[in-house]
Amino acid sequence: MNNDFPKEWHLFSREMHTIQWFIFSALNDLNKMSIHDKGAFYGFFTSLSLALERYMKILLILGFMVKNNLALPDGKYIRSKGHDLEHLLKECNEVASDHGIKISLIFDEDSVKSIIVKFLSEYSKGGLRYYYIDSLSNISKADDPMVTWREILFDIYNKYVKLKRKNKKDIESFKVKSVLSEMGEDFVLLTHGLDTNQLSLDAAFLEQSVIAESTLIVKSNVIEIIKNLKGISDFLERECIVLHQKAGNKSPIIPYINEFLSIFENDTQYLTKKKKWL
């Protein structure tokens, strides 16, 4: 059977399918986060760190192709980029600047976006990814990633969640606690927080409220990071298509990359409310 599409087209396509799945999986796990589903946190850390690294490397490849008349970089070029998400973000920002793309990937140091990228960058470099296995062997010198993430969520909660939202959560938890108190000795809470400490009823409600409210803010910032990356990849994709047409090539070397993440063309508020991604 004759295949009109070159090998590179299929490689780009499969990589974008992979990136799409990791992004959707990360957002799905964000929706599931709670003190009772700690696996969702690690699903989010792993999926998003992989998605961002791979997507940014695709952007760097596209930038290279635009500069070099659609020539692809060699293996050393990509391997040299490593796993440092903060460094990759700066490189992608330089690509955007070089092509006059008015999208910035440089975030304020204390912004939620910057905090997320810094945490995931440390996670993706390996020290946190295998923390529990390494700790069982007494070889880990890193901090527990769940404890670090808990601190991040509490900081976000204290800085960005409005008092009205906090009061609403307090009223909801009071109603539930009132019902549970009527159960007397029949009710026993056996759960641990993200820092492994056993939680009292009050502490459990507070921690769950912090997770729920802060996760919404994390989600909107993650979505905005992806939208920024997509804006840059859309531009570079168009430039590649122009070069392809000028060369008179029959078969495209890249697929329509923008279609894989077209859902991010919707506004952030709508996407933040989306419950199911997979």
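This is a short tour of the structure, stop by stop.

The model is predicted, so local features are taken only at pLDDT of at least 70 and side-chain atom pairs only at pLDDT 80 or more, while totals for chains, interfaces and linings use all residues. Residues are numbered from 1 along each chain as its sequence is written, and side-chain values use heavy atoms, leaving out hydrogens and water.

**Whole chain.** Of the 278 residues, 45% are buried; buried means under 20% relative accessible area, exposed over 50%, and partly exposed in between, with a 1.4 Å probe and protein chains only. Among contacts (heavy atoms within 4.5 Å) with a separation of 6 or more, 74% join residues 24 or more positions apart.

**The largest nonpolar core.** Next, select Phe44, Trp149 and Phe264. Of the 77 residues in the largest nonpolar core, these three touch the most other members. Such a core is a set of buried Ala, Val, Leu, Ile, Met, Phe, Trp, Tyr and Cys residues joined through side-chain atoms within 4.5 Å. Helix 2 gives the largest share of this core, 17 residues. Stay on Trp149 and show its surroundings: not counting residues up to four places away in sequence, Trp149 touches Met33, Phe41, Phe44, Phe45, Phe119 and Val218.

**Asn93.** Move to helix 4, where Asn93 is found. Is Asn93 buried or exposed? At 16% relative accessibility, Asn93 counts as buried. Leaving aside neighbours within four places in sequence, Asn93 is in contact with Ile103, Ser104, Leu105 and Ile106. To see one atom pair here, pick the backbone nitrogen of Leu105, which lies 2.7 Å from a polar atom of the Asn93 side chain.

**Cysteines.** Finally, select Cys92 and Cys240. Cys92 is buried, with a relative accessible area of 0%, and Cys240 is buried too, at 2%. How many disulfides does a search of the whole structure find? The search finds zero, a disulfide being a pair of cysteine sulfur atoms within 2.5 Å.

Technical notes
Helix = DSSP H or I, 4+ residues; strand = E, 2+ residues; numbered from the N terminus. Polar contact = N/O pair within 3.5 Å; in protein donor to acceptor, adjacent residues only side chain to side chain.
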